[in-house]
Structures are given as structure tokens and as C-alpha cells.
Amino acid sequence: MTVRRIVPNVHAGSEEELASSRDFYGLLGFEEVMDMGWVSTMASPSVPTAQVSFFTEERTGPVVPDLSVEVEDVDAVHARVVASGAEIVRELRDEEWGVRRFFVRDPSGRVVNVLTHHSS
């Protein structure tokens, strides 16, 4: 199994907090690489997999996940996680913005968004 990136997800309480966070992380050298209104992702220009995302809400899931893990084969990871008995917080599904993902609760109670980007 290949892990492509890990992204911490920060729950911003409002659009203003999201904008302030975006500005602050810009001071640290991050650049915005995705803005969907309710979620914004900032990345390092020199190391594009070094990222942080800010959410005002989670539009298709029950909670804002604490962490996102992009893997090569989300279906294979989902099968292993289900077989382990871990709590699936949100079932595996395709999203309109080009990812296939599910949410799982880790042993410490954190919710992890596990995803794969669709091939173009």
C-alpha cells in the first residue's frame, strides 16, 4: 500500500476564521491550492504534499475529519479497515470533486478521511 500524503484538517468556526487561517499560513510560505468555499487547502510550493486544510463544515460527511490520508488504492484500504472491525464513520463513496473516500475512527477517537483521487 502506498500513502501519498497526510493532511491535518483544522475545523475553522467561520468563513472569517478560515480566511484568517489562510492569511496566517501564507505568512509561513504556504499557498492556497484548493478553495471550495467550505474547505481550503494550503500547500508548500516547494514540497506540494506538505499541506494543511481548513474546513468551515463537512458538506458530505457527518463530521469534519481530523486528518486526511491519501492512499493509492482506497478500496483495498477500506476492505482491510472493515475487516479489522474499526468504526466506519462514513461509508466509501465517490465525490463530485474527483475523490473516492471514506471516514474511519482511529483508536484515539480521531476521524480519518481516507481517499484516492480519481485518475484522469
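1. Ground rules. This is a predicted model, so I keep to its limits: local features need pLDDT of at least 70, side-chain atom pairs count only at pLDDT 80 or more, and totals for chains, interfaces and linings use all residues. Residues are numbered from 1 along each chain as its sequence is written, and side-chain values use heavy atoms, with hydrogens and water left out.

2. The main core. Eleven residues make up the largest nonpolar core: Val 69, Val 71, Val 74, Val 77, Val 81, Ile 88, Leu 92, Phe 102, Val 104, Val 112 and Val 114. Two or more residues each come from E5, helix H2 (74-84), strand E6 (88-94), strand E7 (99-105) and strand E8 (111-117). H2 gives the most, with three residues. A nonpolar core here is a set of buried Ala, Val, Leu, Ile, Met, Phe, Trp, Tyr and Cys residues joined through side-chain atoms within 4.5 Å; buried means under 20% relative accessible area, exposed over 50%, and partly exposed in between (1.4 Å probe, protein chains only). Helices (H or I, at least four residues) and strands (E, at least two) are DSSP runs, numbered from the N terminus.

3. Ile 88 and Asp 106. Not counting residues up to four places away in sequence, Ile 88 touches His 78, Val 81, Val 82, Phe 102, Phe 103 and Val 104 (contact means heavy atoms within 4.5 Å). Asp 106 sits 18 residues from Ile 88 in sequence and 9.6 Å from it in space, C-alpha to C-alpha. You'll find Asp 106 in the loop between E7 and E8; Asp 106 counts as partly exposed because its relative accessibility is 26%.

4. Glu 70, a charged residue worth a look. Glu 70 is in strand E5 (residues 67-71), and with a relative accessible area of 9% it is buried. Its side chain makes a polar contact of 2.5 Å with that of Arg 5. A polar contact is a pair of N or O atoms within 3.5 Å; within protein, one must be able to donate a hydrogen and the other to accept it, and residues adjacent in sequence count only if both atoms are side-chain atoms. Beyond its neighbours within four places in sequence, Glu 70 is in contact with Thr 2, Val 3, Arg 4, Arg 5, Leu 115 and His 117.

5. Val 3 again. Val 3 lies in strand E1 (residues 3-11) and, at 40% relative accessibility, counts as partly exposed.

6. Salt bridges. The count comes to 13, taking a salt bridge as a side-chain nitrogen of Lys or Arg within 4 Å of a carboxyl oxygen of Asp or Glu. Arg 22 pairs with Glu 32 (3.0 Å, N to O). That pair links Arg 22 in helix H1 (residues 15-27) to Glu 32 in strand E2 (residues 31-35), ten residues apart. Arg 22 also meets Asp 35 in a salt bridge (3.8 Å, N to O); Asp 35 is in strand E2 too, 13 residues from Arg 22.

7. One more bridge. Arg 100 and Asp 75 form a salt bridge, with the closest N and O atoms 2.9 Å apart. Arg 100 lies in strand E7 and Asp 75 in helix H2, so the pair ties together parts that are 25 residues apart in sequence. Arg 100 is partly exposed at 22% relative accessibility, and Asp 75 is partly exposed with a relative accessible area of 37%.
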